[in-house]
Amino acid sequence: MVMGGAVRGVVVHHALLQYEIGQPKNNKSNPIFALLRKLRFSDIRTAISYELALSADQVNFLQTMAEQHSFECLPLTASSPDIAPREIAHIWGHTSGTILYLLPNCDASPPITCAFFSIAPDAEVTSAMHKSNLIYMDKLDELSLTICRLNKQAISNNVLTVGYIMKPSREEDFAKRGAFPMYPTPNGLIFLPLTFELPISTQLEEVDVILHKATDEIVSIELNSSSEPSYKISYTTGMQELQRYIENHNHCFEVDPLNSIYPVLDRLKIQQMLLGLEDLNAEGCCKVRAPHFLKVNSFDEPDFVQKLHDAKLSVPTIVKPQVACGVADAHSMAIVFKVEEFKNLNVPLPAVVQEYVDHSSTLFKFYVLGERVFHAVKKSTPNADILIKSSETNGPGPLLFDSLKSLPTATANQHSGGQDLGLDLGLVKEAAMWLTRMLGLTIFGFDVVIQEGSGDHVIVDVNYLPSFKEVSDDIAIPAFWDAVKKRADSSNAMKSVDKQETNKCKTGQSPV
């Protein structure tokens, strides 16, 4: 048992940071600094220590780096684990909890010593030299795992540990909003950043729930050329190892497993699925629907124009790669104003030609977090007549863009701001629950535009594990935690039922 409660502070000796003196730009992407920022985002007090004998240039540089990353700098008379903890405790006297102090284990293996001790008001610092208060590490990547273990021991074994993996920029975006705390949330979750720099099996021994953005780990996607969606997905070695572990161990599960994610990787699959929205519509009411669409393997097909007509498509149309994410050109799109412009169109094939809906330049972004649905209103592309006029001014040819970077948007006087568009929130929430059942996803998003004239609510895009950053953090983050916890509780309940049925079979009883 760790005395003193959860880990509330971490001090790292400067010699472990692998920084370059005089090169602050080179240190900006330093993975060690990124690791320490995760602690700060978890409200764990974080500092870099140095000895008073360090040169003025080195001290100035460390202070600059610490300020850049919002860390503290702690000058100590000595770095040894029998002296430094008492000095740290004196400086951080108002920080109550367990403190970790990491320093080089000079000329020894493992190369990193982690001394941990407790700070409490009017209490003597626990002797860090005691054998049970020292942990040894081979690399700093083990720090998060160490904090997770100590927190679980100090607080309760009833908490659930959520291991998560996604690309660094996405992870930092979530973490700095407080989504991934390393100490328990109000509903009993601890978040552990997984890393492929350490054996996955060692990390997952501590994990109950796995949350991943698998598309960040895709190496390639191969689609077939038939009308039916079919693909071969290659993942990074680390992601493959993660999946093998999940398949062979039933103590942890994925919030949203890969087989539930596959449909959102394929725009054709999603379009075909959205056709089922028709079942939600009632006579005399506005309806929710999929956009009209056409799968295209080649823009040079002799009956291409007739196929557009049969699919109820007319220019302008928006053309998207069939692969929706996970590869470099998945967001390379085009708005085509004339049929002739399809010839030699620079959009990856196979592609999906999608209806361009006049929508008063207003996009409704919906986020599903378990049983809760949120939405935000965003400025979007102009109506077709404005786009056509703009194309005539800018010269002939399709409008090519990257939807993540350069989506053309309307000017202020072309944007309704969501007013007077008649959003039927009840209808869209019903569609959200329908999508939840169809996809089997816990956390996902989708975009809705409302067609001028008809009032049709058209779902034009679906994605999983979105950032939901348009929703206030004090609302979205607790809803996110709640969605993960309820998904975990549901999975555990199902496992319990399965175990009971198995036991009945073994004892000769008839399963219910």
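This report describes aromatic ring pairs and charges over rings in a predicted model.

## Basis

Residues are numbered from 1 along each chain as its sequence is written. In this predicted model, local features need pLDDT of at least 70, side-chain atom pairs count only at pLDDT 80 or more, totals for chains, interfaces and linings use all residues, and side-chain values use heavy atoms, with hydrogens and water left out.

## Aromatic pairs

Rings of Phe, Tyr and Trp (its six-membered ring) pair if their centres lie within 6.5 Å; planes under 30 degrees apart count as stacked, over 60 as edge-to-face and the rest as tilted. By this rule there are 15 aromatic pairs. Phe 33 and Phe 71 make a stacked pair, at 6.3 Å centre to centre with 15 degrees between the planes. Phe 33 belongs to helix α2 (residues 31-41), while Phe 71 is in the loop between α3 (56-68) and β3 (72-76), 38 residues apart. Helices (H or I, at least four residues) and strands (E, at least two) are DSSP runs, numbered from the N terminus.

Tyr 164 and Phe 180 are also stacked, because their ring centres are 3.9 Å apart and their planes are at 25 degrees. Tyr 164 lies in strand β7 (residues 160-165) and Phe 180 in the loop between α6 (168-175) and β8 (189-193), so the pair ties together parts 16 residues apart in sequence.

## A cluster

One aromatic cluster is formed by Tyr 164, Phe 174, Phe 180, Phe 191, Phe 468 and Phe 480.

## Charges over rings

A charge sits over a ring if NZ of Lys or CZ of Arg is within 6 Å of the ring centre and within 35 degrees of the ring normal. The charged end of Arg 177 is over the ring of Phe 174, 5.8 Å from its centre. Lys 213 lies over the face of Tyr 464, 4.6 Å from the ring centre.
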